[in-house]
Amino acid sequence: MSAEFRFKVVMLGDGAVGKTALTTRFTQGKFEADYKRTIGSDFAIKKLEFDDLDANVTIQVWDLAGQPRFEVVRQGFYRGARGGLLVFDVTRRRTFLNIEDWKGECFKNLGYEIPLVVVANKVDLADSRVVPTSDGSEYAKKNKSLYVESSALTGENVEDAYASLCRTMIEEALERAKGGNH
Ligand code: G3D
Ligand code: MG
């Protein structure tokens, strides 16, 4: 029998970097508005199978709608998260510089660190790209994070971003089961 895992994953990053587009693409259009929309966040569900690990994973992807004014929304958004996508837009350097703040807010709210994948999104816009691969991958390496270059528009590497994060989350869950923290 395969092992079953359930993980909450949070989408982090500035407005318009493609968090919702990535989530929608990954969950194949089954992005269901939830009652939480009224207070500023939504989640969508997707299942992935990892035959080599004999594992089935249910991923609950949480996406903040805009910039909620209330701290309590943020707390609920982060609560219980086991992984995150730190998304920036390769055509806007500011969004790359801001991922550090998103990471900080996430860890502060949770009170513990979670695996993150740095996602350089909109690589289809090659002509207006200003953040090169070297900058993104160096940041990810320094933060012991995975690095993926994606396009929610073409679908390039979208599933890969979530799937590679899943592998790390599975490893961490197995560590916890052996008697680690959280
Ligand atoms: P957000 O959820 O992070 O705020 P969205 O961002 O997913 O709403 O995306 C913001 C805009 O960027 C949208 O355009 C969306 O279509 C576009 N976008 C998202 N990902 C990509 C991508 O990989 N490539 C390109 N070319 N565009 C992308 P609109 O015009 O609808 O505001
Ligand atoms: Mg959005």
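Modeller: First, the angle classes: under 35 degrees counts as roughly parallel, over 145 as roughly antiparallel, 65 to 115 as roughly perpendicular and the rest as oblique. Helices (H or I, at least four residues) and strands (E, at least two) are DSSP runs, numbered from the N terminus. This is a predicted model, where local features need pLDDT of at least 70 and side-chain atom pairs pLDDT 80 or more, while totals for chains, interfaces and linings use all residues. Residues count from 1 along each chain as its sequence is written, and side-chain values use heavy atoms, without hydrogens and water.

Colleague: At what angle do H1 and H6 pack?

Modeller: About 85°, with the axes 9 Å apart. H1 and H6 are therefore roughly perpendicular to each other.

Colleague: Which residues make the contact?

Modeller: Leu22, Thr23, Arg25 and Phe26 come from H1, and Val158, Glu159 and Tyr162 from H6. Contact means heavy atoms within 4.5 Å.

Colleague: New topic. How many residues are in the largest nonpolar core?

Modeller: It has 28 residues. Such a core is a set of buried Ala, Val, Leu, Ile, Met, Phe, Trp, Tyr and Cys residues joined through side-chain atoms within 4.5 Å. Buried means under 20% relative accessible area, with a 1.4 Å probe and protein chains only.

Colleague: Which element gives the most to this core?

Modeller: H6, with nine residues.

Colleague: And E3, how many of its ten residues are buried?

Modeller: Nine, so E3 is largely enclosed by the rest of the structure. E3 pairs with E1 in the parallel sense over nine bridges. Pairing takes at least two DSSP bridges. Asp63 in E3 is the bridge partner of Met11.

Technical notes. Chains are lettered from A and ligands numbered from 1 in the order in which they are written. Axes are lines fitted to C-alpha atoms, for helices over the stretch in contact, and angles run from 0 to 180 degrees between N-to-C directions. Buried means under 20% relative accessible area, exposed over 50%, partly exposed in between (1.4 Å probe, protein chains only).
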